Amino acid sequence: MSELRLRASGLLTPTSGGPRLTVSLDVVQLRRDASGRVVGSERVGGSAADAAAKNVALLLTDATARIDATLDGLQSAVATIHEWRAGDGLPVAGRSDLLVRIETAGGPVVLGTAGHGTPLELVSTVAGQDLAVLAHPPAAEPPTGWRDRPLILRPAPAAVLVAGAAFSLSSRKGRRTAAQLTGRRVLPALTIRDLPAVPSGYDRDDLGDPAEASVLVDAGRISPPGQWRDGVPPGRAVWDHDAATCGPPPIVRLELDGPDTVTPPNAIELQWCVEGLQRYHGDGTIRVHCVARPVDRPEESFVIVLHGKPIHLLRHTRGLTGPRTAVYGDSDVTTRSLVLASAAELEGAGHAVVTVNS
């Protein structure tokens with residue numbers, strides 16, 4: 001049984017002479033044995049690659065044009081289109097991702113999303129967000145009393161907490177701890193799922209194992225970790241043509257669910273993450289620099305630094321609000337906004353240090 005796997009990636013950078021666009025293509029034909037395990041591959045060409053190259057170029061030019069109309073400071077945009085095809089037939093499944101890097105007064109910010117379906121739908125997801133806060137220099141000082149207001153982590157910073165929590169549960173040490181804590185409630189009623197790397201329509205990974213969603217945390221309770229195979233989580237093997245072997249997926253796909261709550265009218269919302277600074281640390285903590293603003297005075301932005309262990313921070317979740325959003329960056333995370341306790345409460349519990357980056 002054979003199949004084609006296509007990857008078209010593009011990079012667009014602005015220059016004094018106009019935008020510079022570079023597109024690369026990779027089309028690999030896989031061979032599977034009767035069990036469904038990939039046993040070999042070869043690079044091939046074909047008209048499918050040309051169409052994908054045009055689509056990724058359109059995705060990048062449309063995205064940068066729409067964002068340029070709202071914000072200055074565009075540094076680069078990267079897009080990738082993945083397609084899985086049965087032989088030479090039409091794509092049976094596809095997934096695309098888009099990353100746009102912008103230099104703002106608060107520091108470089110990356111806007112990223114991913115999804116199935118038409119790649120150009122990603123442009124509306126990114127360009128349709130409330131980007132006005134990035135157009136103004138952050139204030140040197142936050143508003144009086146901000147530490148006593150609840151925090152809202154919009155999808156971009158919320159995704160960092162979800163990814164950090166998932167990593168802490170799926171690392172070698174984390175799996176041992178998860179096995180010991182199976183069934184114990186460690187979070188409020190939040191559910192974190194790890195999703196297969198293969199698209200819908202495929203029921204097995206490249207080792208031939210069932211590719212199903214696995215639950216890391218189920219309504220706040222730790223789920224038993226799966227048995228890894230050849231250093232790969234169950235159902236997550238991806239064939240590497242150059243290495244001629246299977247390995248873990250390059251990007252982990254995650255999903256967060258939880259109870260609804262309302263948006264507190266006096267909240268401080270952490271809107272975007274500032275890039276270029278180390279987020280994940282060897283002691284299990286994260287340090288996230290975020291462009292923040294009061295919900296009731298959205299024109300007054302400042303930069304908050306949130307430092308703590310992801311699981312500890314998520315314990316202070318009061319609920320989820322707003323639409324589900326796919327955030328693409330270090331991981332591919334689908335989440336809503338997280339409503340957390342105030343900075344004063346987080347620090348009072350010893351679970352975080354929240355400061356202002358002046």
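Me: What does contact mean here?
Reply: Contact means heavy atoms within 4.5 Å.

Me: What share of the contacts in the protein chain with a separation of 6 or more comes from residues 24 or more positions apart?
Reply: Such residues account for 67% of those contacts.

Me: OK. What kind of model is this?
Reply: This is a predicted model, where local features need pLDDT of at least 70, side-chain atom pairs count only at pLDDT 80 or more, and totals for chains, interfaces and linings use all residues. Residues are numbered from 1 along each chain as its sequence is written, and side-chain values use heavy atoms, with hydrogens and water left out.

Me: How many helices and strands are there?
Reply: The protein chain has six helices and 19 strands. Both are DSSP runs, numbered from the N terminus: helices are H or I with at least four residues, strands are E with at least two.

Me: And how compact is the protein chain?
Reply: It is as compact as a globular protein of its length, because its radius of gyration is 21 Å, close to the 21 Å that the globule rule gives for 358 residues. That radius is taken over C-alpha atoms, and the rule is 2.2 Å times the number of residues to the power 0.38.

Me: What does the C-alpha trace span along its principal axes?
Reply: About 65 × 60 × 30 Å.

Me: How much of the chain counts as buried?
Reply: 49% of the 358 residues do. Buried means under 20% relative accessible area, exposed means over 50%, and partly exposed is in between (1.4 Å probe, protein chains only).

Me: Let's pick a helix. How many residues does α3 have?
Reply: Helix α3 has 16, at residues 155–170. From first C-alpha to last, α3 reaches 22 Å, close to the 22 Å expected at 1.5 Å a residue. The expected span is 1.5 Å times one less than the number of residues.

Me: Now strands. How many residues of β15 are buried?
Reply: Eight of the nine, at residues 286–294, so β15 is largely enclosed by the rest of the structure too.

Me: Which strands do bridges join to β15?
Reply: Strand β14 (residues 268–273) is joined to β15 by five bridges, and the two run antiparallel. Strand β16 (residues 302–308) is joined to β15 by seven bridges, also antiparallel. Two strands pair if DSSP finds at least two bridges between them.

Me: Which residue is the bridge partner of I268?
Reply: P294, in β15. For C290, the bridge partner is I304 in β16.

Me: Where is Q271?
Reply: Q271 sits in strand β14. Q271 is buried, with a relative accessible area of 8%.

Me: What is Q271 in contact with, leaving aside neighbours within four places in sequence?
Reply: Q271 is in contact with D130, V133, R154, A156, P157, V291, A292 and R293.

Me: Switching topic. How many salt bridges does the structure hold?
Reply: It holds 22. A salt bridge is a side-chain nitrogen of Lys or Arg within 4 Å of a carboxyl oxygen of Asp or Glu.

Me: What does R324 form a salt bridge with?
Reply: R324 pairs with D257, and the closest N and O atoms are 3.0 Å apart. R324 lies in strand β17 (residues 317–328) and D257 in strand β13 (residues 253–257), so the pair ties together parts 67 residues apart in sequence.

Me: And which residue does D260 bridge to?
Reply: D260 forms a salt bridge with R336, where the closest N and O atoms are 2.5 Å apart. D260 lies in the loop between β13 and β14 and R336 in strand β18 (residues 332–342), so this pair ties together parts 76 residues apart in sequence.

Me: D260: buried or exposed?
Reply: D260 counts as exposed, at 58% relative accessibility. R336 is buried, with a relative accessible area of 17%.

Me: Which residues are linked in a network of salt bridges?
Reply: E3, R5, R32 and D206.

Me: Last one. Where is P298?
Reply: P298 is in the loop between β15 and β16. At 36% relative accessibility, P298 counts as partly exposed. P298 and R336 are 19 Å apart in space, C-alpha to C-alpha, and 38 residues apart in sequence.
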